[in-house]
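Here are my notes on the model, as numbered points. Please read them with the structure open.

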Amino acid sequence: MSEINKINTLERAAFFAGSFNPFTPGHADIVERGLRLFDRVVIGIGINDAKPDSADGAASRLETIRVRYAAEPRVEVLIYTDLTVDAARRVGACCLLRGCRSAADFDYERNIADANRLLAPELDTVILPARPELACISSTLLRDLARHGRSLRRINHISRRLERT
């Protein structure tokens, strides 16, 4: 078997890292689109010790995301506390999967990708732009709406509509 054929038979896994606090329709869209590009998507819920509330609710987020993808064997979910590149290596990922909602997000993601490339040159970063109808929905927005008792009905409607497309 040629080297090219050996490469083509290897499983291609992407590592999708974030706090996912909460997991948004945009996150779900990145996972779904990632599954079209990769054999497996591993969702890594990162715990950042520098952020006091980073670990709060991580186990609950893990369970919520696992339930969402229970019928999709190509999605795995885990919690990690080390560097993203180290967690990605541990699960055998070939790349880091990221989403961006705006030009500012892209600049941030590009800088992180550059730093990750210095640490792990074998890991590429794939950045998928958000669908326009999801670009304004962030975890911060959802937390703020929930904290102020506002309905998430419209956002959930958008999410369900996208799942059917």
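Predicted model: local features only at pLDDT ≥ 70, side-chain atom pairs only at ≥ 80, totals over all residues.

**Notes on the fold**

1. S2 and S3 run parallel and are joined by six bridges. Strands here are DSSP runs of E with at least two residues, helices are runs of H or I with at least four, and both are numbered from the N terminus.

2. Residues are numbered from 1 along each chain as its sequence is written, and side-chain values use heavy atoms, with hydrogens and water left out.

3. The sheet is open and has five strands, in the order S3-S2-S1-S4-S5, with parallel pairing. Pairing requires that DSSP finds at least two bridges between two strands. S3 and S5 (124–129) are the edge strands, and each pairs on one side only. From one strand to the next, the twist averages 30°. Angles run from 0 to 180 degrees between N-to-C directions; axes are lines fitted to C-alpha atoms, for helices over the stretch in contact.

4. Which strands does H2 touch? H2 packs on the sheet and touches S1, S2, S3, S4 and S5. Its direction makes about 125° with that of S5. Contact means heavy atoms within 4.5 Å. Helix H5 (residues 103–119) also packs on the sheet, touching S4 and S5. The direction of H5 makes about 165° with that of S4.

5. Buried means under 20% relative accessible area, exposed over 50%, and partly exposed in between (1.4 Å probe, protein chains only).

6. Tyr 69 deserves a look. Leaving aside neighbours within four places in sequence, Tyr 69 is in contact with Phe 23, Ala 28, Val 31, Glu 32, Ile 43 and Val 75. Ring pairs also link Tyr 69 with Phe 16, Phe 20 and Phe 23 into a cluster.

7. There are four aromatic pairs in the structure. Rings of Phe, Tyr and Trp (its six-membered ring) pair if their centres lie within 6.5 Å; planes under 30 degrees apart count as stacked, over 60 as edge-to-face and the rest as tilted. Phe 15 and Tyr 80 are edge-to-face, at 5.4 Å centre to centre and 65° between the planes. Phe 15 lies in S1 (residues 13–18) and Tyr 80 in S3 (residues 75–80), so the pair ties together parts 65 residues apart in sequence. Phe 15 is buried at 0% relative accessible area, and Tyr 80 is buried at 6%. Phe 20 and Phe 23 form a tilted pair: 5.6 Å centre to centre, 55° between the planes. Phe 20 is buried at 3%, as is Phe 23 at 16%.

8. Last, Gly 46 sits in S2 (residues 40–46). Gly 46 is buried, with 17% relative accessible area.
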